[in-house]
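Please read it next to the coordinates.

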Amino acid sequence: MSDKNQRSNPLSAGLDSGGSFNRFETGSQRKPTADTSRGSLFDELLEGEPIFDDKDVLRPAYTPSTLPHREAKINEMASILASALRSETPSNILIYGKTGTGKTASSKYVSEELERASDRYELPCHVEYVNCEVIDTQYRVFAKLANTFIDNNLNAIDAQIELLTEQVRSLRAGDGPEELTMDNLPELLDRIQALEADQENFERVPMTGWPTDRVYEAFFDAVDYQECVVIIMLDEIDKLVEKSGDDTLYNLSRINSDLVRSRVSIMGISNDLRFTDTLDPRVRSSLGEEEIVFPPYDANQLRDILEHRAEVAFKSNSLTEEVIPLCAAYAAQEHGDARRALDLLRTAGELCERDQSDRVEVTHVKRAQEKLELDRIIEVVRTLPHQSKLVLYATILLDKYTDSNSKTGEVYDVYRQLCEELGSDCLTQRRVTSLISELDMLGIINAVVVSKGRYGRTKEISISKHRDETEAVLSSDSRFAELGDVQPYIQARFD
Ligand SMILES: Nc1ncnc2c1ncn2[C@@H]1O[C@H](COP(=O)(O)OP(=O)(O)O)[C@@H](O)[C@H]1O
Ligand SMILES: [Mg+2]
């Protein structure tokens with residue numbers, strides 16, 4: 001048997017007596033499997049008191065039952081939507097605010113309350129949530145809406161047919177029900193037949209393939225089939241407009257003039273305060289009948305939010321006193337983002353768990369902040385356009401091979417060198433300077449303007465502290481694979 005064979009068989013590896021590296025125990029030393037004294041890989045990880053009661057409470061998918069510091073905004077929305085409960089059409093609403101300011105959570109909360117009230121008052125009212133980050137074309141928005149209302153209608157028809165059939169059955173049996181939906185048997189039978197025909201007519205919209213007009217018509221017919229006030233919540237509406245223009249909104253904003261039974265109003269939610277600039281003026285004025293702005297949370301508000309959640313998420317006494325205030329302070333710097341605050345708290349808890357400590361401490365929060373920042377940088381770098389990646393790579397190479405901070409001109413020289421090696425188009429120095437500013441704004445590099453006296457001004461550029469991780473992300477881009485180990489050629493400069 002050759003060496004090669006022996007090595008490729010893990011079972012024979014333990015018999016290798018050559019004294020070479022061998023991580024398998026020999027047969028005689030191997031402990032019996034029933035011996036419980038040997039810990040499993042996971043025992044150590046599961047040791048110690050768990051600090052979490054319910055970690056999911058800190059995840060974005062969880063909908064909290066109370067939203068501290070959003071009562072005023074929630075009331076504002078509710079007072080606009082209340083007209084739905086008087087069978088009137090609520091004004092369209094546009095909600096603005098940076099990410100993590102509670103727009104989605106508050107809107108979902110209000111819609112659930114509205115639907116509950118509509119059940120209680122028996123006023124048909126329906127809120128349909130559409131996440132336009134995922135459903136981002138006119139076809140898909142109308143297809144989703146059409147199919148939802150088609151399904152609702154089919155269910156309602158089924159229930160109605162069942163009710164009428166029961167009435168027919170008892171009429172025929174002579175023990176007629178007290179109240180009939182129709183006056184007599186033939187009318188009942190006609191009605192059932194009509195409903196069955198409607199059932200046949202509803203056809204679900206396929207994911208692709210129909211002309212958009214037909215999809216819109218399917219939606220229109222389905223919405224108008226039974227009387228209802230419909231609120232369409234378009235979350236991340238700016239993404240829809242960015243991807244596929246404002247046709248969807250144009251069509252939706254005009255739909256009420258053609259509907260007979262139902263009414264539609266739109267609730268648009270956007271992270272981008274300027275997204276309406278690109279809209280057709282008619283769409284803009286219709287959509288923005290009411291505008292609600294969600295301001296960022298300050299550190300105190302974030303603290304309240306975290307405390308509410310932490311109570312459910314963690315076992316009591318699992319957090320040292322400074323943990324929540326520190327998470328709140330970090331997230332307040334990050335434009336008052338509650339999502340970031342919750343992510344920090346959850347990550348700090350996970351790091352504590354991994355350390356097998358029984359209380360989350362300040363160091364865990366600091367490490368969590370580092371980790372989230374690194375995750376963010378990796379994500380941003382991964383999705384940069386090719387030219388920005390080249391500029392960033394040039395900055396990294398300079399940082400690796402020179403001692404001082406680089407100047408714009410030096411970055412440009414190395415950038416040109418990279419373009420040549422890769423056969424990429426080479427931008428002007430002016431364009432590269434503006435890409436450097438963008439990278440600075442994204443927090444991936446630092447660019448500081450320094451005065452060079454009578455030689456004018458230049459920028460000194462340094463890379464953020466996660467240089468090696470950033471480089472690793474760039475190197476994983478297949479277009480950079482050919483580069484190998486480039487040594488930047490740096491001209492001596494006297495500026
Ligand atoms: N006032 C609040 N109280 C409790 N949790 C909140 C509050 N505001 C936001 N959150 C939570 O913060 C996260 C981000 O909120 P979200 O509504 O998704 O923000 P947005 O839609 O503005 O980006 C969610 O997990 C949400 O539950
Ligand atoms: Mg949101």
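## Basis

This is a predicted model, in which local features need pLDDT of at least 70, side-chain atom pairs count only at pLDDT 80 or more, and totals for chains, interfaces and linings use all residues. Residues are numbered from 1 along each chain as its sequence is written, while chains are lettered from A and ligands numbered from 1 in the order in which they are written.

## Overall fold

The protein has 19 helices and 8 strands. Helices (H or I, at least four residues) and strands (E, at least two) are DSSP runs, numbered from the N terminus. Of the 495 residues, 32% are buried. A residue is buried if 20 or more other C-beta atoms lie within 10 Å of its own, exposed if 12 or fewer, and partly exposed in between, with C-beta atoms placed from the backbone. Take the contacts between residues at least 6 apart in sequence: 73% of them join residues at least 24 apart. Two residues are in contact if their C-beta atoms, placed from the backbone, lie within 7 Å.

## Ligand 1

Where does ligand 1 lie relative to domain 1 and domain 2? Both domain 1 (71–294) and domain 2 (297–379) give residues to the shell, so ligand 1 lies between them. The domain bounds come from an automatic or database domain assignment.

There are 18 residues around ligand 1, and Gly102, Lys103, Thr104, Ala105 and Ala338 come nearest. A residue is near a molecule or strand if its C-beta atom, placed from the backbone, lies within 6 Å of it. Helix H5 (103–121) supplies at least two residues of the shell, and so does helix H14 (338–355). By class, the shell holds 8 nonpolar, 7 polar and 3 charged residues. Ala, Val, Leu, Ile, Met, Phe, Trp, Tyr, Cys and Pro count as nonpolar, Asp, Glu, Lys and Arg as charged, and the others, Gly among them, as polar.

## The H16 and H17 pair

Helix H16 (residues 386–401) and helix H17 (residues 408–422) have axes that come within 8 Å and cross at roughly 115°. Axes are lines fitted to C-alpha atoms, for helices over the stretch in contact, and angles run from 0 to 180 degrees between N-to-C directions. The crossing of H16 and H17 is right-handed. A crossing is left-handed if the near helix is turned anticlockwise from the far one by less than a right angle, and right-handed if clockwise.

On the H16 side, the contact is made by Leu390, Val391, Tyr393, Ala394, Thr395, Leu397 and Leu398. H17 contributes Glu410, Val411, Val414, Tyr415, Leu418 and Cys419. The residues of this contact divide into 11 nonpolar, 1 polar and 1 charged.

## Positive phi

Most residues other than glycine have a negative phi. Two residues here have a positive one.

Glu122 has phi near 55°. It lies in the loop between H5 and strand E2 (125–131). Glu122 counts as exposed because it has 6 C-beta neighbours inside 10 Å.

Asn317 has phi near 70°. Its loop joins helix H12 (299–313) and helix H13 (323–333). Asn317 is exposed, with 10 other C-beta atoms within 10 Å.

## Pairs across the sequence

The table lists C-alpha distances for pairs that are separated along the chain.

| Pair | Sequence separation | C-alpha distance |
|---|---|---|
| Pro90 and Ile231 | 141 residues | 8.3 Å |
| Glu289 and Pro90 | 199 residues | 9.9 Å |
| Leu372 and Arg340 | 32 residues | 8.7 Å |
| Glu322 and Glu361 | 39 residues | 7.5 Å |

Pro90 sits in the loop between helix H4 (71–81) and strand E1 (93–97). Is Pro90 buried or exposed? Pro90 is buried, because 25 other C-beta atoms lie within 10 Å. Beyond four places in sequence, Pro90 touches Ile80, Leu81, Ser83, Ala84, Ile231 and Ser265.

Glu289 is in the loop between helix H11 (281–287) and strand E5 (290–294). It has 15 C-beta neighbours inside 10 Å, so it counts as partly exposed.

Leu372 belongs to helix H15 (residues 362–382). With 18 C-beta neighbours inside 10 Å, Leu372 is partly exposed.

Glu322 lies in the loop between H12 and H13. Glu322 is partly exposed, with 13 other C-beta atoms within 10 Å.
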